[in-house]
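Subject: Structure handover

Dear colleague,

Here is the structure I said I would pass on. Please open it alongside these notes.

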Amino acid sequence: MRKPALQLAAVLSMIAATLSIPVAAQGEPIRVAEFVADCQLSHRLPDDPIVLPNLAGASHSHDFFGNHSTNARSTQQSLEGQTGNCDPAVDISSYWVPTMYRNDTEIAPTGITFYYLGEGVNNPAGIQPTPYGLKIVAGNAKATGDADSIARWSCLHAGHVNPSKNFVECPAGTMLETYLDFPQCWNGRDLDSADHKSHMSYPVAGGCPSSHPVPVPKLRMVLRYPVNGNPAGLRLSSGTGQTMHGDFFNVWPRAEMERRVRNCLNVVMKCDHAGNHG
Amino acid sequence: MRPRRQPRIAALLLAGLTLTACQQAPPPTPPQNGYGATERAFVELSIATDEQALKLVDTPELVENRKTEIAELRKLLDAPYVNNHAGHDMPGMPTDAEIQLAATSPDARKQFVHAHLTEQLEVLRSAGTAITHPPTAEVVKLMEQHRAAELTLTQP
């Protein structure tokens, strides 16, 4: 009669693995290297300061979070000294994603969280502050299916709905959510590149490759949209759910970024919005 | 002697890495009147828009203008062309769904052609104020002239 218990344990550990829940062993405290910024929708524009710099009105529609001033002409110099809408307020970085539509009506995300994590590399003590002015694009705006997409859609409060690279049908009373992990290995030299991707890389086997040797915080974007039910009418300004992508323009004040990396990520501690841990 | 030197080398490497990470070099200055990021983005976007428009427009003059523009735009490329906007809902770029609908409805085609012309003209006007590279600016001007004439030509 031990079989059911074993099965239950196996199922529980599978669920934990799927949800990336750290399982505490022998009473050890769970240690997570993390600091966070919770932001709001700031504005919506057909602009993209990374992919279509200076070309106002030339892009598909984007939802901008954080820095209130972001537009096609934004530069590091234009963004600094502005205000944003993130908690903590010191994070005046710019973040943006394609606009979501349901039958041609825009849908704004209501939960917008940016986690800065120490996971993904085996040596979090070696993580360096994200360089000031660094631009990162994650996801594939040109995805034509699941094979070339890293998008992830799931349902908040409905873990039984399998995640998918395209929109999923969320039960009534739940919300559609999407996760996007940004590459966290920097080439140590360029704040941007011609294809806006090749100066960054994902880690390989727990370490940054020699071509991109500098580990920086892993940025994970989690967005929650107030929609559920049949996803047939949903689309992004870049196409299907598989084309979900995110852009990040780092203008965290240098000292604030450095303090958080040191206090939270290097020592593997979960910090609050102010960058402190208990 | 080598073992004793290793920590110093390690420290130097670490210092180098830290220095690199902290240098926070300012973004490269856009070349004055050169073919920079804005020009590259405009050329790639315009080729994608024109190629998609060729699937929509049926007036001979519009077809000819698109082909001329694509040829001129391609001359400006400094790297192999990549379509970064396929499948996107870009201003002035007809979507596949619009092209399909236009194939079955002349009214829809007229409407989508008009949207293509007016929206791309907006993009061209924006590009006209942003682009400093003279050969690219010439193509912007050519395309603006084409769109203005085409709007007159296709007036209902």
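Below is what was found in it, taken chain by chain and then at the interface.

This is a predicted model: local features need pLDDT of at least 70, side-chain atom pairs count only at pLDDT 80 or more, and totals for chains, interfaces and linings use all residues. Residues are numbered from 1 along each chain as its sequence is written, and chains are lettered from A and ligands numbered from 1 in the order in which they are written.

Chain A

Chain A has 3 helices and 16 strands (DSSP runs numbered from the N terminus: H or I of at least four residues for helices, E of at least two for strands). Of its 278 residues, 45% are buried (buried: 20 or more other C-beta atoms within 10 Å of the residue's own; exposed: 12 or fewer; partly exposed: in between; C-beta atoms are placed from the backbone).

In strand 8 (residues 135-139) of chain A, 5 of the 5 residues are buried, so the strand is largely enclosed by the rest of the structure. Strand 8 runs antiparallel to strand 16 (residues 245-249) of chain A, and 5 bridges join the two. Val137(A) has Asp247(A) of strand 16 as its bridge partner.

Chain A also has an open sheet of 3 strands in the order 6-5-15, with antiparallel pairing (strands pair if DSSP finds at least two bridges between them). Strand 6 (105-107) and strand 15 (234-236) are at the edges with a single partner strand each, so one side of each has no neighbour in the sheet. Strand 5 (residues 100-102) is joined to strand 6 by 3 bridges, and Tyr101(A) has Glu106(A) of strand 6 as its bridge partner.

Chain B

In helix 3 of chain B, the buried residues are Leu62(B), Asn65(B), Arg66(B) and Leu73(B). Seen down the helix axis, the buried residues fall within an arc of 100°, so they line one face (the arc is that of the directions from the helix axis to the C-beta atoms). The face of helix 3 turned away from the buried side carries the exposed residues Pro60(B), Glu64(B), Ala71(B), Arg74(B) and Lys75(B). Helix 2 (37-53) and helix 6 (134-153) of chain B are among what covers the buried residues of helix 3.

Interface

In chain A, 28 residues are in contact with 22 residues of chain B (contact: C-beta atoms, placed from the backbone, within 7 Å). The side of chain A that touches chain B divides into 13 nonpolar, 13 polar and 2 charged residues (nonpolar: Ala, Val, Leu, Ile, Met, Phe, Trp, Tyr, Cys and Pro; charged: Asp, Glu, Lys and Arg; polar: the others, Gly among them).

Regards

Key:
Contact = placed C-beta atoms within 7 Å.
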